[in-house]
Amino acid sequence: MKLFDCDVSYGRGCVALPKEIETPACLLAEMDHCGISEALVWHRDAFERDFASGNCRLDELRDTPRFHLTRTFVPAESPEVPSAEGFIDAMRTAGARAARAFPAHHCFLLNRVACGSILELLVAHSVPLLVPLNEFPRQWIDVYELLENFPTLTLILTFTGPWGQDRYCRPLMRKYERFYIATHQLKTAGQLEGLVNDFGPHQILFGSGLPRYYPGAFIMALARADIPSAARDAIAHGNIERLLSEVTW
Amino acid sequence: MVTLRERFLAGSGCPVIDTHCHLGPFCGFHMPEASLESMVAGMERRGLESIVLSPHSALCGDTREGNREMLDAVERYPGRVYGYCTLNPNFPEDIDGEMDAYLDHPGVVGIKIHPAMHAHPVDGPNYEPVWRRANERELMLLCHTWGKSGGCGAIDMRSVAEKYPQVRLLLGHSCHGAWEGAIAIARDFPNVYLELTASDYFYGMLEWMCRDAGSEKVVYGTDYPWFDPNSTIGCVTYAHISEDDMQNILYRNARRLLDEQLASTKD
């Protein structure tokens with residue numbers, strides 16, 4: 001089973017994890033251990049230190065084709081961001097094909113007033129945006145409002161919690177075909193089969209959250225799930241590959 | 001040589017025993033495999049030899065009804081489904097009677113308590129008869145544990161481990177978040193075990209537990225049907241630990257605990 005992980009990071013943060021992955025070499029080694037071919041990567045500096053520093057750290061990955069870069073933003077009103085167009089140009093120049101945001105930790109609202117200019121450009125270029133659920137201050141309420149305002153935004157929701165997502169995420173999956181959920185903690189017994197049965201596999205992306213979580217957790221669950229092979233492959237790699245290929249630059 | 005991980009990926013690895021399961025629906029979300037029949041079918045698909053359960057009805061509703069549901073499950077699937085007698089400290093008048101009714105049944109292997117859900121500290125007065133009985137009879141006792149303190153955290157659990165050293169104590173969730181404390185308790189007390197539910201998937205956790213407490217002190221558990229047992233099998237078999245450690249965690253430790261318990265019930 002080919003695996004493309006939509007959410008891995010590296011770098012030392014301020015609070016030690018049980019096991020750290022500090023360098024690209026360590027990250028590649030663990031990806032090899034788990035059988036993960038490629039990954040969308042971010043540096044922990046982007047979250048814990050400063051978004052721009054984290055973006056710059058990823059320059060060291062440009063020559064490693066197994067790594068696909070993301071770029072983190074804050075509102076274009078913030079002096080560190082020259083303009084929404086400037087952010088998009090920087091993404092294009094860096095070869096990044098996905099964006100990230102951490103609104104709670106970085107103290108802004110991911111809504112039309114604060115981020116409308118950037119969000120409109122992400123929509124225009126079909127750039128996926130990855131945001132952890134707990135980075136929305138009002139969690140699912142904010143996700144619902146964001147999609148209501150930007151219904152064609154390619155939103156990949158990560159770290160949705162180990163239980164209780166279904167009653168929140170299913171209506172969104174039904175209404176917004178570009179809403180995606182990453183698998184980090186989709187771990188209820190039978191949940192994956194149920195989602196695939198009711199919605200198809202196309203809105204579910206393999207994402208481990210390494211080094212926060214063991215990739216093996218979902219890899220084993222996906223490998224042994226009672227779903228068609230085509231669905232398994234879509235979740236494992238096909239969906240994220242499709243999304244990245246749709247980016248218009 | 002085919003690794004244990006590869007064998008699981010191919011369909012069957014080694015036997016697995018899940019020491020922390022539930023049964024029935026839960027208010028917070030839909031569980032596709034909540035019924036007993038779907039759980040047993042799920043066990044077949046995943047290669048689980050046995051589970052030990054306490055129903056949601058016992059934890060969240062009338063514990064007496066829940067224990068009856070537990071016994072029904074145990075009697076319908078002897079040797080596959082074992083049960084914990086759940087005890088609710090909010091109704092202390094029921095505790096001795098419930099223990100008398102269930103602890104001598106061959107399929108009931110111990111006690112389940114949930115100090116957080118039942119809002120009574122683990123070393124509170126209403127749990128005292130539970131600890132005394134469990135200590136006298138060297139019973140398995142699965143206790144929900146979480147954090148450093150607050151009634152069922154690492155500090156609280158160390159206190160009961162010291163006071164009741166004969167209890168075969170499973171730290172449910174391994175004091176989630178206070179793992180250093182939990183691992184120390186498992187290292188320091190011969191009858192205390194780290195139960196994996198909800199603590200399993202943190203990268204590096206299995207390596208840490210094995211290194212500092214020993215894989216003989218770690219038991220597989222998943223909260224099934226909350227969580228997919230395959231997910232925890234994946235955490236264990238993808239961790240950087242030996243296959244000996246993996247088999248201890250997935251099966252051998254629980255098998256030993258159950259066999260010791262079943263032998264003492266027979267006596």
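Guide: Let us begin with A:Arg44, which is buried, at a relative accessible area of 6%. Here buried stands for under 20% relative accessible area, exposed for over 50%, and partly exposed for values in between, with a 1.4 Å probe and protein chains only. The model is a predicted one, in which local features need pLDDT of at least 70, side-chain atom pairs count only at pLDDT 80 or more, and totals for chains, interfaces and linings use all residues. Residues are numbered from 1 along each chain as its sequence is written, chains are lettered from A and ligands numbered from 1 in the order in which they are written, and side-chain values use heavy atoms, with hydrogens and water left out.

The partner of A:Arg44 is A:Glu20: the two form a salt bridge whose closest N and O atoms are 2.7 Å apart. This pair links distant parts of the chain, for A:Glu20 sits in the loop between β1 (4-10) and α1 (24-34) of chain A, while A:Arg44 sits in the loop between β2 and α2 (45-48), 24 residues away. Helices (H or I, at least four residues) and strands (E, at least two) are DSSP runs, numbered from the N terminus. A salt bridge is defined as a side-chain nitrogen of Lys or Arg within 4 Å of a carboxyl oxygen of Asp or Glu. In general, side chains of opposite charge can pair when their charged atoms come close.

Over all chains, the rule gives 40 salt bridges.

We may now turn to the aromatic rings. Rings of Phe, Tyr and Trp (its six-membered ring) pair if their centres lie within 6.5 Å; planes under 30 degrees apart count as stacked, over 60 as edge-to-face, and the rest as tilted. A search of the whole structure finds 19 aromatic pairs over all chains. In one of them, A:Trp42 and A:Phe102, the ring centres are 5.2 Å apart and the planes stand at 45 degrees, so the pair is tilted. A:Trp42 belongs to strand β2 (residues 38-43) of chain A and A:Phe102 to the loop between β4 (98-100) and α5, so the pair ties together parts that are 60 residues apart in sequence. A:Trp42 is buried at 10%, and A:Phe102 is buried at 1%.

In chain B, the rings of B:Trp179 and B:Phe202 have centres 4.9 Å apart and planes at 50 degrees, so this pair is tilted. It links helix α8 (residues 179-188), which holds B:Trp179, with the loop between β7 (192-195) and α9, which holds B:Phe202, 23 residues apart. B:Trp179 counts as buried at 13% relative accessibility, and B:Phe202 is buried at 7%. Ring pairs also link both residues into a cluster with A:Phe159, A:Tyr213 and B:Tyr201.

Contact means heavy atoms within 4.5 Å, and 38 residues of chain B are in contact with 28 residues of chain A. The two chains bury about 3200 Å² between them, 61% of it on carbon and sulfur atoms. B:Tyr201, B:Tyr203 and B:Tyr238 supply 29% of the area that chain B buries against chain A, more than any other three residues. Buried area is the accessible area (1.4 Å probe) that two parts lose on being put together, summed over both.

Charged residues also meet here: across this interface the rule finds two salt bridges. One pair in a salt bridge is A:Lys19 and B:Glu207, with the closest N and O atoms 3.5 Å apart.

Finally, consider A:Thr188, in the loop between β7 (179-182) and α8 (191-199) of chain A. A:Thr188 is buried, at 4%, and its side chain reaches the backbone oxygen of B:Trp226 at 3.4 Å. Leaving aside neighbours within four places in sequence, the contacts of A:Thr188 include A:Pro162, A:Trp163, B:Phe29 and B:Trp226.

Definitions and conventions. A polar contact is a pair of N or O atoms within 3.5 Å; within protein, one must be able to donate a hydrogen and the other to accept it, and residues adjacent in sequence count only if both atoms are side-chain atoms.
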